[in-house]
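Grab a pencil and work through these exercises with the structure on your screen. Try each task before you read its solution.

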Amino acid sequence: MALNGKIAVVTGAANGIGKAMTEKLLQNGAKVTLLDVNETAGKNLMESLQKEYGQEKTLFMKCDVESEEQIKDAFHKTIETFGGMDILCNNAGILDESQWEKTVSINLVAVIRVANLALEQMSKLSGGRGGVIINTASMAGLGPLPSCPVYTATKHGVIGFTRAMGAASAASGYGVRINAICPGFVQTDLFSRIPSKLGKLSHLDDLNQQLIEKFGILTVSEVADPFFELVTDETKNGEALLVVPSRKQYVTFPGLP
Ligand SMILES: NC(=O)c1ccc[n+]([C@@H]2O[C@H](COP(=O)([O-])OP(=O)(O)OC[C@H]3O[C@@H](n4cnc5c(N)ncnc54)[C@H](O)[C@@H]3O)[C@@H](O)[C@H]2O)c1
Ligand SMILES: CCCCC[C@H](O)/C=C/C=C\C/C=C\C/C=C\CCCC(=O)O
């Protein structure tokens, strides 16, 4: 899938991995709607991207992925402004074990909400032109992060949703591929001040340090390249792509006996 002229929507676009995804899409000729709850960071980023890539290439909208109404508005505005919607990066997420319901709401419930609303616009069965959805999961969606059981649960959920919805899309003829990217530790705001985000399990931060030593830390640019592969490679659907420093791997799952 060539990206020139394609239209993308990125949630959690103002910072970190979402910002790097946005830049990668723009560098390859796509137009991007940036969505984020952080209005100041989102507007500032849009202004600097407009200077670099041109006024007509980006749009920022304040949008909380917990709000169905705001997501619908953002998709309608994208289609009205750019003429369609081909790519969704379902990326917004938080880490806060002391707010477990909020974590489930943003990291899993909202990922499902945003994907379902996007499919209404993108599916060839409802007048869309097909495309691709990338859900940002985590390596914590593939194995346990003991200091973060709730975060781990949400990311396992995102991978299960991706695999099943990818298969559902293929079986139904939606024309939309659905993949998950599963980075290890990435240097972003989410990855800062970790002990304060672990609630009752803050005493387990030593285990995080052991995993960080074992797997290393990625930059956001190191996530953007494999992300680009998942967007453009038409053979990839229902995949979970693990990314750790100097290694990327499509994960295989055990079949049932
Ligand atoms: N940093 C890591 O180590 C790491 C590793 C694997 C996966 N991830 C995942 O990557 C994604 C992005 O995280 P990041 O590390 O770039 O974090 P980040 O904090 O740098 O960026 C997250 C962005 O999402 C936005 N956001 C938060 N809640 C939102 C909401 N309700 N609606 C809209 N926007 C919202 C924030 O304002 C922020 O701009 C998350 O899903 C995270 O779980 C992060
Ligand atoms: C505490 C920082 C939280 C960062 C969250 C982010 O999504 C990153 C997660 C990165 C890794 C999760 C780590 C481990 C879980 C997966 C597998 C464990 C395998 C153990 C082993 O092989 O030794």
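**Exercise 1.** Find out which helix and which strand each supply at least two residues of the shell around ligand 1.

*Solution.* Keep in mind that you're looking at a predicted model.
- Start with the secondary structure: the helix you want is H1 (16-27), and the strand is E7 (185-186).
- Next, see who gives the most to this shell: that's H1, with three residues.
- Now zoom in on the ligand. There are 28 residues around ligand 1, and the nearest are Gly12, Gly16, Gly93, Thr188 and Leu190.
- Finally, sort the shell by residue type: you get 13 nonpolar, eleven polar and four charged residues.

**Exercise 2.** Describe the surroundings of ligand 2: how many residues surround it, and which are the closest?

*Solution.* 
- Count the shell: ligand 2 has 17 residues around it.
- Pick out the closest ones: Ser138, Met139, Ala140, Gly143 and Asn208.
- Ask which helix gives the most here. It's H6 (residues 205-215), which puts in three residues.
- Sort by type again: eleven of the shell residues are nonpolar, five are polar and one is charged.

**Exercise 3.** Work out how helices H3 and H4 pack: at what angle, and how far apart are their axes?

*Solution.* 
- Locate the pair: H3 covers residues 68-82 and H4 covers residues 100-122.
- Look at the geometry. The angle is about 35°, and the axes lie 10 Å apart.
- Check the handedness: where H3 passes H4, the crossing is right-handed.
- List who makes the contact. H3 brings Glu68, Ile71, Lys72, Phe75 and Ile79, while H4 brings Arg113, Val114, Leu117, Ala118 and Gln121.
- Sort these contact residues: six are nonpolar, one is polar and three are charged.

**Exercise 4.** Decide whether the radius of gyration of the chain agrees or disagrees with that of a compact globule.

*Solution.* 
- Begin with the expectation: for 257 residues, a compact globule would come out near 18 Å.
- Compare that with the chain, which has 17 Å, so the two agree.
- Then look at burial: 45% of the 257 residues count as buried.
- Residues 24 or more positions apart account for 70% of them.
- To finish, tally the secondary structure of the chain: seven helices and ten strands.

Definitions and conventions:
Residues are numbered from 1 along each chain as its sequence is written. Chains are lettered from A and ligands numbered from 1 in the order in which they are written. This is a predicted model: local features need pLDDT of at least 70, side-chain atom pairs count only at pLDDT 80 or more; totals for chains, interfaces and linings use all residues. Axes are lines fitted to C-alpha atoms, for helices over the stretch in contact, and angles run from 0 to 180 degrees between N-to-C directions. Helices (H or I, at least four residues) and strands (E, at least two) are DSSP runs, numbered from the N terminus. A crossing is left-handed if the near helix is turned anticlockwise from the far one by less than a right angle, and right-handed if clockwise. Two residues are in contact if their C-beta atoms, placed from the backbone, lie within 7 Å. Ala, Val, Leu, Ile, Met, Phe, Trp, Tyr, Cys and Pro count as nonpolar, Asp, Glu, Lys and Arg as charged, and the others, Gly among them, as polar. A residue is near a molecule or strand if its C-beta atom, placed from the backbone, lies within 6 Å of it. The radius of gyration is taken over C-alpha atoms; the globule rule is 2.2 Å times the number of residues to the power 0.38. A residue is buried if 20 or more other C-beta atoms lie within 10 Å of its own, exposed if 12 or fewer, and partly exposed in between; C-beta atoms are placed from the backbone.
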